Amino acid sequence: MNSIKEVMRNTEERMRKVIDATKREFASVRTGRASTSLVEGMHVDYYGTQTPLKQLANISAPDVKLIVIQPWDPSSLGEIEKAIQQSSIGAMPTNDGKVIRISIPPLSEERRQELIKITKKMAEDGRVSIRTVRRDANEHAKKLEKDKLATEDEAFKAQDDIQKITNKHIKTIDSILEQKDKELMEV
């Protein structure tokens, strides 16, 4: 990166990717409702290749307590069922030979508390990633100043702007966490 603008653009983009990754992680945490995102990213051993479930089957949630998985290749039913059983979603699949149904049981209070701890850890991991991006961006800005590609004032202003971007993205993660915790506490 040869300019402060590039550093800023790169920083914003990398932080947005951290937010997207954190949202995907949160989507994999089961609340009391059925959601296709609980299983879409799950990988299934399909003819020796780890394949995302959403590439192997039609996944739907016809109501708030049920997920239905209809594989395009019925011979993959067993492997899909095995992957679901080994996952951490906390629900057992039923296989009728054509589709797999996952009934989502209500969460116990104890399980809700465990899931809240998990989401807090996910949020903290996201914050750490954002701070790492901030550190890298600040180092780039300092290096540009050292290499005489930016003035001292430009580098200082860039570091100030980088901190503002960091604060904005950390606040976003906090609000996503708050929303997920609220969902988890719904009965």
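The largest nonpolar core has 27 residues. A nonpolar core here is a set of buried Ala, Val, Leu, Ile, Met, Phe, Trp, Tyr and Cys residues joined through side-chain atoms within 4.5 Å. Buried means under 20% relative accessible area, with a 1.4 Å probe and protein chains only. I4, M8, F26, I130 and L184 have the most contacts inside this core. Helix 4 gives the most, with nine residues. A second, separate core of 20 residues includes L38, M42, L53 and I69.

This is a predicted model: local features need pLDDT of at least 70, side-chain atom pairs count only at pLDDT 80 or more, and totals for chains, interfaces and linings use all residues. Residues are numbered from 1 along each chain as its sequence is written, and side-chain values use heavy atoms, with hydrogens and water left out.

L184 is in contact (heavy atoms within 4.5 Å) with V29, R30, T31, L107, R112, L115, I116 and T119, leaving aside neighbours within four places in sequence.

The protein has five helices and six strands. Helices (H or I, at least four residues) and strands (E, at least two) are DSSP runs, numbered from the N terminus. Their order from the N terminus is α-α-β-β-β-β-α-β-β-α-α.

Some whole-protein values follow.

| Property | Value |
|---|---|
| Span of the C-alpha trace along its principal axes | about 70 × 40 × 25 Å |
| Buried share of the 187 residues | 39% |
| Contacts joining residues at least 24 apart, among those at least 6 apart in sequence | 64% |

Note on methods
Buried means under 20% relative accessible area, exposed over 50%, partly exposed in between (1.4 Å probe, protein chains only).
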